[in-house]
Amino acid sequence: MAFGKGHHLHLIDGSAFIFRAYHALPPLTRKSDGLPVGAVSGFCNMLLRYIDGNDGPDAPTHAAVIFDKGSHTFRNDLYDQYKANRDAMPEDLRPQIPLTRDATRAFNVACEELEGFEADDIIATLSCQAREAGGRVTIISSDKDLMQLVGGGVEMLDAMKNLRIDVEGVEAKFGVGPDRVVDVQALAGDSVDNVPGAPGIGIKTAALLINEYGDLDTLLERAGEIKQPKRRQTLIDHADQIRLSRELVRLDTSMTLPFTLDDLEVRDPDAETLLAFLSEMEFRTLTKRVSDRMGVAAPAVPEPAAPQVEAEVVPFDPDKYEVVRDAAALQVWIDRIVDRGWVAVDTETTGLDDMRADLVGVSLAVEIGRACYIPLRHKAADRDDLFGSDDLAEGQMDFDTCIEMLKPVLEDPSILKIGQNMKYDAKILWRFGINVAPIDDTMLISYAQHAGLHGHGMDTLSERYLDHTPIPIKPLLGSGKSAITFDRVSLDKAAPYAAEDADITLRLWHALKPRLHTAKVTTVYETMERPLVPVLAGMERAGIKVDRQTLSRMSSAFAQKMAGLEAEIHELAGETFNVGSPKQLGEILFDKMGLTGGKKGKTGAYATGADVLEDLATEYDLPARVLDWRQLSKLKSTYTDALQDHINPDTGRVHTSYSIAGAATGRLASTDPNLQNIPIRSEEGRRIRQAFVAEEGKVLLALDYSQIELRILAHIAGIEELKQAFREGQDIHALTASEMFNVPLDEMTPDVRRQAKAINFGVIYGISGFGLARNLRIPRAEAQGFIDRYFERFPGIKDYMADTTAFAKEHGFVQTLFGRKIHTPEISASGPRAGFAKRAAINAPIQGTAADVIRRAMIRMPDAIADLPATMLLQVHDELLFEVDAEAVDTVTQRVREIMENASMPAVNLTVPLTVDAGSGSNWSDAH
DNA sequence: GTACTCACG
DNA sequence: GACGTACGTGAGTACG
């Protein structure tokens with residue numbers, strides 16, 4: 001029902017709330033990182049108190065918090081001194097401003113602001129609209145500038161004094177009715193806003209004059225009749241200034257707003273969203289109060305440690321490293337850890353697969369330069385020095401005792417465990433019953449700050465930030481066939497290496513953690529990197545069941561087909577050669593058969609990529625056969641053969657490993673095996689997904705974001721037509737085609753739509769005429785024409801691209817909507833590299849924001865589905881795959897979809913909906 | 001170890 | 001005006 005009679009709109013003056021909160025509270029900071037949060041805390045308390053007071057019959061049906069945005073408004077154009085005497089915003093308040101928006105959204109209250117407008121004008125316009133619709137309005141503010149709006153169902157409420165201000169209240173304050181308030185203010189001026197008014201005239205005198213003459217215009221016209229000479233002269237001399245003052249204090253009641261009253265309908269807060277925000281802010285009391293009220297378990301608020309400000313330079317010295325061989329020695333270290341509240345941890349194992357490798361030893365560091373290694377399962381050197389002995393080496397601590405002693409420390413919520421790539425160590429330790437928490441991860445701390453600048457492995461970080469080359473592992477393990485595992489490394493070599501790793505990790509933490517805040521990526525790290533570690537660990541541990549039989553049968557079939565093709569190819573070539581060798585193939589095609597095609601510069605080899613062969617295949621059989629052979633070869637070697645080798649013999653499942661800090665954009669990467677590139681596009685390849693199956697009685701459930709990157713682009717670039725199309729659930733590619741080629745939607749042909757689709761994707765990649773031409777296989781000029789027409793139709797996209805590259809040039813990085821920074825060091829390069837960097841800069845905020853969204857969804861997922869018989873198994877960039885009890889599919893789908901579709905909230909309120917498609921089946925192919 | 005090719009979003 | 005170009009990944013194979 002549209003807003004109207006019987007409805008009651010509450011409008012909260014957000015800035016007033018913020019300033020009141022700021023001044024009312026001591027300068028609180030977030031414990032984990034020193035982020036100032038006092039005003040946010042006060043703001044949340046006030047919002048909560050406000051919501052609590054709203055359960056009576058007078059409760060609002062609609063409500064919004066309105067904020068100021070931008071320092072320049074139309075009033076500055078009228079009068080450049082407007083608000084010029086305001087003090088600059090306190091430094092510790094500035095970073096809290098966006099957080100108050102987040103807070104508002106977390107409470108699920110509409111949050112509105114408009115660039116270049118004061119909150120007062122938005123409030124005025126909304127009040128006016130509501131009044132005209134026949135509804136009531138309460139403005140929660142005590143700002144006298146808003147009093148002109150009172151009357152006709154509009155009242156104000158001073159929330160602090162719990163005092164309602166109606167027409168009488170305004171008259172008591174100004175001596176005139178609300179309709180004459182601007183006249184009085186124009187005369188009296190306002191020192192706070194620097195409105196000049198008439199010198200020497202205050203509210204009392206102004207009211208007297210207005211009451212006598214009726215209104216300001218009449219007063220100024222008849223100023224000559226005023227008896228008091230000084231007052232008369234002032235009004236005559238300053239008539240223009242007074243009129244200007246009236247323009248400054250008069251609120252704009254007829255703004256065009258991008259939302260309607262109906263959008264402001266009161267909504268219940270979502271417990272999970274709200275609590276997530278409050279605990280992220282580390283508001284312990286508020287979190288508890290809200291969780292008690294809502295009857296929901298409170299999320300744990302970590303008790304984090306912070307490193308010392310600046311560590312003095314301590315040289316690396318292996319002599320300061322200790323080998324811990326018994327419980328007494330370990331107890332000394334544990335006491336140190338408990339005393340300090342943090343510890344750097346590193347595990348040494350027999351391999352890189354954390355699902356299978358054995359734990360060999362643990363190293364710890366509490367203080368820079370001092371570290372220990374606890375050897376646990378090193379093998380004794382062999383007597384004949386040929387095959388190692390299976391006996392354990394002397395002088396090691398008892399394995400079970402060590403685990404038993406470390407467990408309480410590593411699980412102690414008051415002790416921070418610092419690691420480099422902690423997911424690995426945590427997974428190893430988990431296998432021995434230890435749940436490592438809370439954690440910090442130097443790899444992720446670096447990633448949040450330096451994505452796009454360099455890698456985040458320990459060697460890179462140590463070189464860059466500690467100016468130290470770590471002891472290499474290669475000489476210890478050897479390489480190739482003679483390589484040994486870490487348990488065969490002698491203790492005297494293993495200990496300095498292992499202890500140094502813990503020492504380096506601790507030093508890196510000291511060097512990098514304090515910089516998170518100055519780089520303004522603390523929130524990125526704490527909401528999108530660190531919390532992902534346990535989630536991914538869980539997914540990797542779960543693995544996915546892969547049916548070996550299916551793969552093996554497919555391998556055989558592929559092998560047969562390939563043999564046939566190979567014979568044909570050799571026949572056509574007139575000689576035998578290695579079809580898998582691009583070099584040999586190129587020579588056959590271009591030298592022997594004399595087909596037209598060119599060399600590629602770098603190595604002088606012929607290019608024989610699929611695009612080249614496809615062109616040749618229209619006329620010749622051989623390249624066509626080679627294409628078929630290559631497809632089969634790829635499927636067999638990379639998938640049907642290799643996947644079988646990845647089936648874990650203990651679990652019968654395939655356990656991928658996700659790298660969190662691999663892709664600069666924030667995407668995850670999947671390795672060993674890569675489960676993010678399992679075929680789907682070709683019919684033949686898609687069948688491989690049939691081998692990914694659910695356990696008996698369960699199904700695989702796949703949910704994927706629909707068009708998430710295009711939606712994000714529409715939001716970021718602010719393309720109204722695209723946003724509208726997404727809101728209405730239209731076919732976005734068809735719509736683009738229709739707009740571009742002037743074809744009505746009902747006459748759309750698949751080919752025109754296909755071209756538009758290619759353009760839409762091109763836009764996300766930083767489109768070029770060449771690239772589009774190649775993709776669509778059309779002349780370059782034609783492709784360029786498409787692009788020109790596209791930009792003409794959607795100029796906002798062109799602006800986005802220009803703005804983004806300009807931003808990258810100025811700052812050296814670009815950002816996602818959630819604040820993730822992606823550095824673009826090559827943006828100012830010359831030559832073709834500049835082109836690469838530019839396109840990457842255009843793509844990164846879009847791809848990165850999509851990556852942030854699904855990360856946020858994944859982080860919330862374990863709690864969201866904790867009570868359901870469902871396990872999250874895989875992430876494929878815009879898709880999540882679950883294994884679910886068959887009868888619970890609908891419930892899980894509903895729950896997961898809810899989380900995914902709202903994953904941006906409350907941090908970012910997207911102006912396009914995110915929608916999620918779902919499918920399920922007994923295997924991954926059927927789940928799509 | 002590097003280049004090429006190709007699987008995915 | 002020429003130069004090369006769609007964005008982000010991982011893995012298998014050939015080859016030096």
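A residue is called buried when its relative accessible area is under 20%, exposed when that area is over 50%, and partly exposed in between, with a 1.4 Å probe and protein chains only. This is a predicted model, in which local features need pLDDT of at least 70 and side-chain atom pairs count only at pLDDT 80 or more, while totals for chains, interfaces and linings use all residues. Residues are numbered from 1 along each chain as its sequence is written, chains are lettered from A and ligands numbered from 1 in the order in which they are written, and side-chain values use heavy atoms, with hydrogens and water left out.

A residue is near a strand if one of its heavy atoms lies within 4 Å of it. Around DNA strand B there are 21 residues, of which Thr608, Ala610, Ile680, Arg681 and Asp878 come nearest. If Ala, Val, Leu, Ile, Met, Phe, Trp, Tyr, Cys and Pro count as nonpolar, Asp, Glu, Lys and Arg as charged, and the others, Gly among them, as polar, then the residues of this surface divide into 8 nonpolar, 8 polar and 5 charged. Helices (H or I, at least four residues) and strands (E, at least two) are DSSP runs, numbered from the N terminus, and helix α26 (residues 621-645) gives the largest share of the surface near DNA strand B, with 4 residues. Of the atoms of DNA strand B within 4 Å of the protein, 74% belong to sugar or phosphate, and the rest belong to bases.

## The surface near DNA strand C

DNA strand C has 33 residues around it, and Ser581, Asp672, Asn674, Phe770 and Arg774 come nearest. These 33 residues divide into 11 nonpolar, 15 polar and 7 charged. Several elements, including α24 (582-592), β16 (669-671) and α31 (750-764), each supply at least two residues of this surface, and α35 gives the most, with 5 residues. Sugar or phosphate accounts for 67% of the atoms of DNA strand C within 4 Å of the protein, and bases account for the rest.

| Residue and part | Atom of the DNA | Distance |
|---|---|---|
| Arg630, side chain | phosphate oxygen, DNA strand B | 2.9 Å |
| Arg667, side chain | base nitrogen, DNA strand B | 3.0 Å |
| Asn677, side chain | base nitrogen, DNA strand B | 2.9 Å |
| Asn578, side chain | phosphate oxygen, DNA strand C | 3.3 Å |
| Lys634, side chain | base nitrogen, DNA strand C | 3.5 Å |
| Asp672, backbone | phosphate oxygen, DNA strand C | 2.7 Å |

## Salt bridges within the protein

A salt bridge is a side-chain nitrogen of Lys or Arg within 4 Å of a carboxyl oxygen of Asp or Glu, and by this rule the count comes to 51 salt bridges. In one of them the side chains of Glu529 and Arg820 meet at 2.7 Å, N to O. This pair links distant parts of the chain, 291 residues apart, with Glu529 in helix α21 (residues 522-529) and Arg820 in the loop between β19 (813-815) and β20 (821-823). Are these two residues buried or exposed? Glu529 is buried, with a relative accessible area of 0%, and Arg820 also counts as buried, at 2% relative accessibility.

Other salt bridges lie within a single helix. Arg243 and Asp240 meet at 3.9 Å, N to O, and they are separated by about one helical turn, because they are 3 residues apart in helix α11 (residues 239-249). Arg243 is partly exposed, with a relative accessible area of 34%, whereas Asp240 is exposed, at 61%. Lys723 and Glu720 meet at 3.3 Å, N to O, and they too are 3 residues apart, in helix α29 (residues 720-727). Here Lys723 is buried, with a relative accessible area of 8%, while Glu720 is partly exposed, at 44%. An α-helix has 3.6 residues a turn, so residues three or four places apart point the same way. Elsewhere, Arg30, Asp440, Lys513, Glu526 and Arg530 are linked in a network of salt bridges.

## Helix α18

In helix α18 (residues 458-466), the buried residues are Met458, Leu461, Ser462 and Leu466. Seen down the axis of α18, these residues fall within an arc of 100°, so they line one face of the helix; the arc is that of the directions from the helix axis to the C-beta atoms. They pack against α17 (442-450) and α20 (491-518), where contact means heavy atoms within 4.5 Å. Just after α18, Asp467 takes a positive phi of about 55°.

Methods: Polar contact = N/O pair within 3.5 Å; in protein donor to acceptor, adjacent residues only side chain to side chain.
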